[in-house]
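Here are my notes after going through the model you sent.

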Amino acid sequence: MADRIPRTAAPNQDPKVRATNFEEVCLGYDEKMALREASRCLNCKNPRCVQACPVNISIPEFISRVAAGDFAGAGEVIARDSSLPAICGRVCPQETQCEGSCVMGIKFEPVAIGQLERFVADWNREHGSRTAAKAEAVKPNGYKVAIIGSGPSGLACASDLAKKGYKVTIFEALHKAGGVLQYGIPEFRLPKDAIVEKEIAQVRDLGVEIVTDVVVGRTVTVDSLLEGGFDAVFIGSGAGLPRFMGIPGENMNGVYSANEFLTRNNLMKAYRSDYLTPINAGRRAVVVGGGNVAMDAARTALRLGADTTIVYRRTEKELPARAEEVHHAAEEGIHFAMLTNPVEILGDETGTVRAIRCIKMELGEPDESGRRSPVPVPGSEFEIETDTVIMALGTSPNPLIASTTKGLETNRRGCLVTTGDVVTTRPGVFAGGDAVTGAATVILAMGAGRKAAAAIDEYCRSTHAE
């Protein structure tokens, strides 16, 4: 019967309307939609979806609760393994993880696991259900752990440790907790006050202390934390150092990294008239890159009034961004210049961007990643007039923590070297998320945070036993 029910599509804002505002694009399921979609789950005995989930949520179990109308119970099931369900339901790449492994998807469309997770999280929040464990119900075990960074990996690590009785303190460099959830992902994909702040509040409810405006490596150091009474330190500082192409003109007025552009808009609220944060998308904007960050930057520039073009050196087939994000960008009127690569940024007499010179590309032999390498087409240079250029070419970890911590090794990309994914070269110091892997996804960072929490627990107990 489940295979005869088509997948339930979640409603979205009309593209022409949403391109002019920063309200959430996807409107999510109502109860009737959630019940219908949940009925499609086959409740597999060996659920491949759970294996494909980086935090191993008991997916068939929570969906069966939804199908029975027990939305509070479904929230409790998810809360065992995820501290940020409303966020994950919105921004996780389910199509390559849980939904990509769904048995239903072999012959039919996979179950909309992400939409169901989002529905459960939103329903429990709106109905005042408390799915997180109460701090007072957890017996303190006497250990203290410091966590650097309040992004997805830090929050996940903190939640798991707090549930085990650890006294956890998160140190955040910015003035608001959330990391990339606050500064990187736009409001129209992830509302800050309605979703991010509420999810972080549940982490605080576990007894986790979050201290903002602390730059580890400057305000305090890893050494001072270990010497000051913390039994272990987890580094979840992310990857916030932007990359550039190294082409002429990148230092001109009107050139942004996607990191800066999105931070000004998301964290510093440049899109709101009651904030005075300077940002200039201009009448025309060009975004260089093809990942999710490039889509976020382009869709933000569009909403700020710029006629926006994405420049990418491969074809649409090779775009690393989520198919949903590419589809939404195209619906909203963003242009795509594929098989195109910038070679120079051109400016006027004041040093302000006026155009970007590009060259046409063609696909050659596969590179190390298996993708066909783009090769320039001689004599194919052309210009795109623009007021703003946004470089969305990826990021790497900030070297500050590694440079101020003896015995902490990094690789050639500036990422922390770990064994077992989370154990660094410095005793008592653990790391995970983008600080180790480079820029990746929210859910992979959360998975690393959970793995680190287990490793820290084993370390503290074994050290104490000795």
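A polar contact here is a pair of N or O atoms within 3.5 Å, where, within protein, one must be able to donate a hydrogen and the other to accept it. Keep in mind that this is a predicted model.

1. Glutamine 182, the polar side. The side chains of glutamine 182 and glutamate 197 make a polar contact of 3.0 Å. Glutamine 182 sits in helix α9, which covers residues 180-183. Its relative accessible area is 1%, so glutamine 182 counts as buried.

2. Glutamine 182, the rest of its surroundings. Setting aside neighbours within four places in sequence, glutamine 182 touches Lys176, Ala177, Lys192, Val196, Glu197, Asn266 and Leu267.

3. Arginine 303. This one belongs to helix α13 (residues 292-303). With a relative accessible area of 7%, arginine 303 is buried. Its side chain has a polar contact of 2.9 Å with the side chain of glutamate 332. A polar atom of the arginine 303 side chain also lies 2.9 Å from the backbone oxygen of asparagine 21.

4. Who else packs against arginine 303? Beyond four places in sequence, the contacts are Arg18, Ala19, Asn21, Phe22, Val25, Phe188 and Glu332.

5. Strand β14, its two faces. In a regular strand the side chains alternate between the two faces of the sheet. For β14 (residues 388-391), are those faces covered or open? Covered, on both sides: Thr388 and Ile390 are buried on one face, and Val389 and Met391 are buried on the other.

6. Strand β14, its neighbours. Strand β6 (residues 255-257) pairs with β14 in the parallel sense, over three bridges. Within that pairing, serine 257 has methionine 391 as its bridge partner. Strand β7 (residues 284-288) also runs parallel to β14, joined by four bridges. There, alanine 285 stands opposite threonine 388.

7. Cysteines. A disulfide is a covalent bond between the sulfur atoms of two cysteines. How many disulfides does the model have? The count is zero, with the cut-off on the sulfur pair set at 2.5 Å. Take cysteine 92: its closest cysteine sulfur, in cysteine 88, is 3.9 Å away, so that pair is too far for a bond. For cysteine 26, the closest cysteine sulfur is the one in cysteine 92, and at 14 Å it is too far for a bond as well. Cysteine 92 is buried, at 5% relative accessible area, and cysteine 26 counts as buried at 13%.

8. The chain as a whole. There are 17 helices and 18 strands. The C-alpha trace spans about 70 × 60 × 50 Å along its principal axes. A compact globule of 466 residues would have a radius of gyration near 23 Å, and the chain agrees with that because its own value is 23 Å.

9. Burial, contacts and surface. Of the 466 residues, 53% are buried. Among contacts between residues at least 6 apart in sequence, 69% join residues at least 24 apart. The chain exposes about 20,400 Å², with carbon and sulfur atoms supplying 51% of that area.

Technical notes: Residues numbered from 1 in each chain as written. Predicted model: local features only at pLDDT ≥ 70, side-chain atom pairs only at ≥ 80, totals over all residues. Heavy atoms only, no water. Buried < 20%, exposed > 50% of the residue type's maximum accessible area, 1.4 Å probe, protein only. Pairing = 2+ DSSP bridges. Contact = heavy atoms within 4.5 Å. Rg over C-alpha atoms; globule rule 2.2 N^0.38 Å. Areas by Shrake-Rupley, 256 points an atom, 1.4 Å probe, with all protein chains shown as cover.
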